[in-house]
Amino acid sequence: MNKLDLHGIRHTDVDRLVENFVLLKEKPIRIITGNSDKMIELVKDVLNRHDIQYESFRPGQITILN
């Protein structure tokens, strides 16, 4: 499974990184957000903008199955 770990990434860079990752990588993929509410919100904004369905099976991670 492809993973994108956002630890240490600036909030201003999250939109571009997540968008490229979810649009270019083969599913399933996992985005590791950590426990930052702001980081989780930024990631979910990108996913919702592209109508991508996701699950949060574990705290601090978002999984996209298809």
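Trainee: Which residues in H2 do His11, Val14, Asp15, Val18, Glu19 and Val22 in H1 meet?

Mentor: This is a predicted model. Its contact of H1 with H2 divides into 8 nonpolar, 1 polar and 4 charged residues. On the H2 side, the partners are Lys38, Met39, Leu42, Val43, Val46, Leu47 and Arg49.

Trainee: Are H1 and H2 parallel, antiparallel, perpendicular or oblique to each other?

Mentor: Two packed helices are described by the angle between their axes and the distance between the axes. For H1 and H2 (residues 37-49), the axes are 9 Å apart and the angle is about 40 degrees. Angles under 35 degrees would count as roughly parallel, and 65 to 115 as roughly perpendicular. H1 and H2 are therefore oblique.

Trainee: What is the strand order in the open sheet?

Mentor: Strand S1 (2-5) and strand S3 (61-64) each pair on one side only. S1 and S2 pair in the parallel sense over 4 bridges, while S2 (residues 29-32) runs antiparallel to S3, joined by 4 bridges. The pairing is mixed, and the order is S1-S2-S3.

Trainee: Which residue in S3 stands opposite Ile32?

Mentor: Take Ile32 from both sides. Towards S3, the residue opposite Ile32 is Gln61.

Trainee: What is the hand of the β-α-β crossover from S1 through H1 to S2?

Mentor: S1 and S2 pair in the parallel sense. The chain crosses between them through H1. That crossover is right-handed.

Trainee: At about what angle does H1 run to S2?

Mentor: Helix H1 (residues 11-24) lies across S1, S2 and S3. An angle over 145 degrees counts as roughly antiparallel. H1 runs to S2 at about 165 degrees.

Trainee: Which peptide bond is cis?

Mentor: Most peptide bonds are trans. Look in the loop between H1 and S2, where Pro28 lies. Omega is near 5 degrees for the cis bond from Lys27 to Pro28.

Trainee: Which residue has a positive phi although it is not a glycine?

Mentor: Most residues other than glycine have a negative phi. Go to the loop between H2 and S3, where Asp51 is found. With a phi of about 50 degrees, the residue is Asp51.

How values were computed. Residues numbered from 1 in each chain as written. Predicted model: local features only at pLDDT ≥ 70, side-chain atom pairs only at ≥ 80, totals over all residues. Heavy atoms only, no water. Pairing = 2+ DSSP bridges. Helix = DSSP H or I, 4+ residues; strand = E, 2+ residues; numbered from the N terminus. Contact = heavy atoms within 4.5 Å. Axes fitted to C-alpha atoms, helices over the stretch in contact; angles between N-to-C directions. Right-handed = clockwise from strand over helix to strand, strands pointing away. Nonpolar A, V, L, I, M, F, W, Y, C, P; charged D, E, K, R; others polar.
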